[in-house]
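Grab a pencil and work through these exercises with the structure open beside you. Try each task before you read its solution.

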Amino acid sequence: MSQQVGLAPLSSSSYSPSVTQWPLASTVVNRQRGPLPAGLPADVLRRTAQMLGEPRVPSTGVGESAALDLIAGLLDRDGIDLSHPHAAAHLQPPVLQVAVDADRLASASNASMDTYDSGPATLAIEQWVVRALAGMAGFGPAADGVLTPGGSISNLLAMLIARDSAAAAAGLDVRRDGVYGMRRPVVLCSELAHFSIQRACAALGLGEDAVIAIPADGDFRMRLDVLADELARPGRTPIAVVATAGTTDYGSIDPIEGIAELARPYGVWVHADAAYGFGALFSDRLAPLLAELPAADSVTLDLHKIGWQPAATSMLLVADKVRFSALGRSVDYLNPADDIDSGLDGLLGRSLQTTRRPDAVKVATTLTAYGRAGLGRMLDTCHELTHAAAARVVADSNLELLAPVTLTTVLFRVAGRGLDAAGVDALQGEVRRRLLTSGRVLIGRTTIPGGGDRPAVVALKLTLLNPNATASDIEELLDLVVATGHDVRSAGGEGAA
């Protein structure tokens, strides 16, 4: 079986030196097991809780060494091993050892990002990381950004800035007076956008119903014709259009420039949720997928997805740092005005947080250690593996490929010959549950939405972000999927009727 399907060959000069095994971190010592502990979830959770003992703070401790041994043992026995080649469920990669080591430095410093005197070096490190990644995004010197606790918070912050910008354009001070003065504010996004957009609108007082879902086309990209009609609809105030650059299930990328061209005449903020897709910029082969990113006003990116960083390592970038002004605060005990004028300010005015740990330390260390070429090589390896997995699915009559590969996700299902639609869907769920409780394979599932005469279907999902996995590893994983499908059918279990 070919390990490259429809891909240009890697340049031999794109990375040096050669790496056969990337140094990934794990808490699991027992490499003979799979990525999860075997057993029913209730049994595994009960076993772990019992080892911890009665749920109360003990009056006396057992000592540092014993406590560390206890927790390490729990993680080894009943934790997840994302470095295992059969861990392929979510956008949750194994992490680089150098990032873990750097994160220990960050924790030991206990620096905070709110003021200069809470951590001078870490302020400079975060600003360096922001400038470096803003440059990768194609933003100019006016750009700025901030690290956040995750992509959902980055999206919330983007929607807050968009809301405030739209209110200011209408002569309203929404941060002081609230949103009641705005005429039905709405946010438009693809039907495949991340659910954090709805959550953000709820948190900002707009309500989840403020989110207008635009249908996706056959390539799982936002339909511009429908977006144009929705923007022109009277009686409401569009405050943002969210383009998804790497949908969770498909890796598809919305037409960002086309969205921006439609939104600009209305003065609508354009946000690109590139939590998944931003990492494509590390790869020469995949970077063209993100060529339209500079058309956005703001960008969410998660380096705990493609970036191999410990969670959470997200960032919000804005093309114009002035947009952060609404978050500015001068607090007497932190950053009084005269201290700010003296250069003692920090990054309090970039975030909804006050105390904020220096997550940029691990990012700066990783970027310095591997460079764009090294991280790009890791991604190219995962991308090739994804195409190899898709090719195996296509070649196997027991499996069905349900969507083309864009980034590192494969959507497929176990063939359900002789079953009705409900039976085929139930088969997928039962196969996944049996694999998970066996502990040998960790794969995901989702539902591909219907459209027109096409019904919605349950799919199995591989998210391949382990650069140390091989084509033979994925062959073995898919063999186990097929065998489990046969077992379910033979036993007359769920999905077999």
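**Exercise 1.** Find the helix that holds Thr386, then decide: is Thr386 buried or exposed?

*Solution.* Start with the helix: Thr386 sits in H11, residues 360-395. Helices here are DSSP runs of H or I with at least four residues, strands are runs of E with at least two, and both are numbered from the N terminus. A quick word on the ground rules: residues are counted from 1 along each chain as its sequence is written, and side-chain values use heavy atoms, with hydrogens and water left out. The model is predicted, so local features need pLDDT of at least 70 and side-chain atom pairs count only at pLDDT 80 or more, while totals for chains, interfaces and linings use all residues.

Next, check accessibility. Buried means under 20% relative accessible area, exposed over 50%, and partly exposed in between (1.4 Å probe, protein chains only). Thr386 has 0% relative accessibility, so Thr386 is buried.

Last, look at the neighbours. Leaving out residues up to four places away in sequence, Thr386 touches Val405, Leu407, Thr408, Thr409, Val410 and Leu464; a contact means heavy atoms within 4.5 Å.

**Exercise 2.** How many aromatic pairs does the structure hold? Describe each.

*Solution.* There are two aromatic pairs. Rings of Phe, Tyr and Trp (its six-membered ring) pair if their centres lie within 6.5 Å; planes under 30 degrees apart are stacked, over 60 edge-to-face, and the rest tilted.

Take Trp22 and Tyr370: their ring centres are 5.8 Å apart and their planes are at 55°, so this pair is tilted. The pair links distant parts of the chain, with Trp22 in the segment before strand S1 (24-25) and Tyr370 in helix H11, 348 residues apart. Both Trp22 and Tyr370 are buried.

Then take Phe220 and Tyr250, a stacked pair with 3.8 Å centre to centre and 10° between the planes. Phe220 is in the loop between strand S6 (211-214) and helix H8 (224-232), and Tyr250 is in the loop between strand S7 (237-244) and helix H9 (256-263), so the pair ties together parts 30 residues apart in sequence. Phe220 is buried at 15% relative accessible area, and Tyr250 is buried at 5%.
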